[in-house]
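Here is a short briefing on how the inside of a protein chain is packed. Look at the sequence and the model first, then read the points below.

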Amino acid sequence: MRRAGWDPVAAAAAVHPGVPLRHPGDAKYALESFVALKMFAGFHQMDFGLSALHDRSSYDRRQLFDEFAELKAAPVAEFLDARSSRWGALGEFLRDRYLSVVHELMEAAFFGSTAQRGAVASAGAAFPDTPWFAEFAEMARRVWLLHCLFFAFDGGDNDGAATIFQAPAGARFSEVYMESVGDMDADGDGDDGGAVTALAAAAGDRVVGFTVVPGFKVDRTVMQCRVYLSRPARQP
């Protein structure tokens, strides 16, 4: 971003306005939050809320697990082949997420044109053969794999159903459902990061500024969401 002349701190303020950063370097968490929340949008739905994926709503748990196992082992060139009907659903997801995450102004600033975005937006067109797009596609594949596994283990009832969650801005820190980012880097001691987070939360001087990465709950197992803690807004 800096090489393209973009200010990460200004970008972070646009993503999560009103959340003060404790350090300029913490802008990376706001940008990570933007990408993660875009990529995980609709994750709780079998079809990600996309009409093109509506057929997936009828998949059973075995089908989803088999797809997980097959895609996990598939070469990148195979699932990036726009002509392949086997991974057509993943291709639709990849197109949707790229257009959602990578704004045309961003792509133009980074690469001098919007050629990649144009290729992605053209249904049936070949995906861009660039390192940038390959990295993005790998990220999309991992989200898709997690989605398959998530629903493969979904119990389908109120007690056993898998859920995805995030912490709302202003929420009190919970050691059960949340993991704080930033404290470990700020204090310079990776071994004491959890203790620092707990002490800060216990003191009540910080609340959730924004969720960086959503969390998951499958049956009785909780995978904490990652949050950025900020000082609560002062009351007038």
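A nonpolar core is a set of buried Ala, Val, Leu, Ile, Met, Phe, Trp, Tyr and Cys residues joined through side-chain atoms within 4.5 Å. The model shown here is predicted. The largest core has 48 residues, of which F48, L71, F93, L94, F133 and W144 touch the most other members.

**The core**
- At least two residues of this core come from each of α2, α3, α5, α8, β3 (207–213) and β4 (215–218).
- Helix α8 gives the most, 11 residues.
- Domain 1 (41–153) and domain 2 (163–230) each provide at least three residues of this core.
- Another core, of 8 residues, lies apart from it and includes M178, V208, C225 and V227.

**Helix α5**
- Helix α5 covers residues 88–101 and reaches 20 Å from its first C-alpha to its last.
- Its buried residues include L90, F93, L94 and Y98.
- The buried residues of α5 pack against several helices, among them α2 (27–39), α3 (61–73) and α8 (131–152).
- The contacts of F93 include F48, L50, A140 and W144.

**Aromatic rings**
- The structure holds 21 aromatic pairs.
- The ring centres of F40 and F43 are 5.3 Å apart and the planes meet at 55 degrees, so this pair is tilted.
- F43 is buried, with 0% relative accessibility.
- The rings of F93 and W144 also form a tilted pair, with planes at 50 degrees.
- F93 lies in helix α5 and W144 in helix α8, so their pair ties together parts 51 residues apart in sequence.

**Charges over rings**
- The charged end of R22 sits over the ring of Y228, 4.7 Å from the ring centre.
- For R86, the charged end sits over the ring of W87, 4.2 Å from its centre.

How values were computed
Residues numbered from 1 in each chain as written. Predicted model: local features only at pLDDT ≥ 70, side-chain atom pairs only at ≥ 80, totals over all residues. Heavy atoms only, no water. Helix = DSSP H or I, 4+ residues; strand = E, 2+ residues; numbered from the N terminus. Expected span 1.5 Å × (residues − 1). Buried < 20%, exposed > 50% of the residue type's maximum accessible area, 1.4 Å probe, protein only. Contact = heavy atoms within 4.5 Å. Domains from an automatic or database assignment. Phe/Tyr/Trp six-rings, centres within 6.5 Å; stacked < 30°, edge-to-face > 60°. Lys NZ or Arg CZ within 6 Å of the ring centre and 35° of its normal. Lists of a residue's contacts leave out its neighbours within four places in sequence.
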